[in-house]
Amino acid sequence: MSWLTEYVRPKIQGFLKKEVPDNVWKNCDSCGQMLLIKDLEKNLNICPHCNHHMRASVTQRFDWTFDPNSYTRLDLPKAPVDPLQFKDKKKYADRLKENKTKSQIDESIAVAHGTIEGQKTVVAVMAFEFMAGTMGAAFGEGFIAAARLALAQKTPLVVFTASGGARMQEGMLSLMQMPRTVIAVEMLKEAQIPYIVVFTDPTTGGVTASFAMLGDIHIAEPNALIGFAGPRVIENTVHEKLPEGFQRSEYLLEHGMVDLVASRKELRPALAKILRLLSNTTQSSEKVA
């Protein structure tokens, strides 16, 4: 046997078999291109090849939205844990513990207050990384806390949505969060506090059927799925082929349900401009009154 088969080939095979750490590379969910995570994070989790906006964590949302070092996270009220003592393949309480450990957050919503290009703002972010951003009693408490803080500070509320809808493990208690969040939004409107919703992928179920569609301004990230039931469910129900891009940001923009589709790189200045316009309008209304 030659030195090529005895020495070189084993070396090459050993090199090819080395596992690449999970925290170094990531495949784009849309085009499948392999991306260096460090470069992807610098690009705001946007694929440089196809412009696909990949999902983002709560911390990333806050860092991208607020001015640098300007925001403070809010401690949210506690809610009863596993009120129905629910169990399927595993206990609901165990699922909550697993998600807290994995996501490093306590619930499917996080709230902070700070400035966006100098404009004081309260921002609530739905955490898809925590049980797919589903709504439970704790989520309702967090949303109401965000609305109350906006009312107390007389500052706008911006909500980033990302959810699979109601949380089945809490049954009717989960569905009760829909009217609770609607009432919180009505409190903001009565006080003439600007309320802005930013749709991210995906925004579905009870979230879309309640507070998500009640914004003064609706902004969406490119190609985000926004709707109540999924396209396949609707097609199977109506037995018709849906239009191209149905329930996506651009389709909803064309049909008047979304006011603006903005890339993440454009979002902070767009929000700041809207906040300035709405704040000036609110101040003018107060002077007239």
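Q: How many cavities of 30 Å³ or more does a search of the whole structure find?
A: Two. A cavity here is a set of points on a 1 Å grid over the protein atoms alone, where a 1.4 Å probe fits but cannot get out. This is a predicted model: local features need pLDDT of at least 70, side-chain atom pairs count only at pLDDT 80 or more, and totals for chains, interfaces and linings use all residues. Residues are numbered from 1 along each chain as its sequence is written, and side-chain values use heavy atoms, with hydrogens and water left out.

Q: How much space lies in the largest cavity?
A: About 70 Å³. A volume is the space filled by probe spheres set on the points, with grid points joined across faces, edges and corners.

Q: Which residues line the largest cavity?
A: Arg61, Trp64, Thr65, Phe160, Glu221, Arg264, Leu267, Arg268 and Leu271. A lining residue has an atom within 4 Å of a point.

Q: Which helix gives the most to that lining?
A: H10, with four residues. Helix H3 (58-65) and helix H10 (264-288) each supply at least two. Helices are DSSP runs of H or I with at least four residues, and strands are runs of E with at least two, numbered from the N terminus.

Q: And how does the lining of the largest cavity split by class?
A: Four nonpolar, one polar and four charged residues. Ala, Val, Leu, Ile, Met, Phe, Trp, Tyr, Cys and Pro count as nonpolar, Asp, Glu, Lys and Arg as charged, and the others, Gly among them, as polar.

Q: What about the second largest cavity, how much space lies there?
A: About 50 Å³. His52, His53, Asp201, Glu221, Pro222, Asn223, Ala224 and Arg264 line the second largest cavity. By class, that is two nonpolar, three polar and three charged.

Q: New topic. Where does Lys241 lie?
A: In the loop between helix H8 (231-238) and helix H9 (249-254).

Q: Does Lys241 count as buried or exposed, and why?
A: Exposed, because its relative accessibility is 73%. The cut-offs are under 20% relative accessible area for buried, over 50% for exposed and partly exposed in between, with a 1.4 Å probe and protein chains only.

Q: Now the sheet. In what order do the seven strands come?
A: E3-E4-E5-E6-E7-E8-E9, in an open sheet with mixed pairing. The edge strands are E3 (72-73) and E9 (260-261), and each pairs on one side only. Two strands pair if DSSP finds at least two bridges between them.

Q: How many bridges join E4 to E5?
A: Eight, and these strands run antiparallel. Ala112 stands opposite Val123 in E5.

How values were computed: 1 Å grid on protein atoms, 1.4 Å probe; cavity = no way out; pocket = protein on both sides within 12 Å on 5 of 7 lines; lining within 4 Å.
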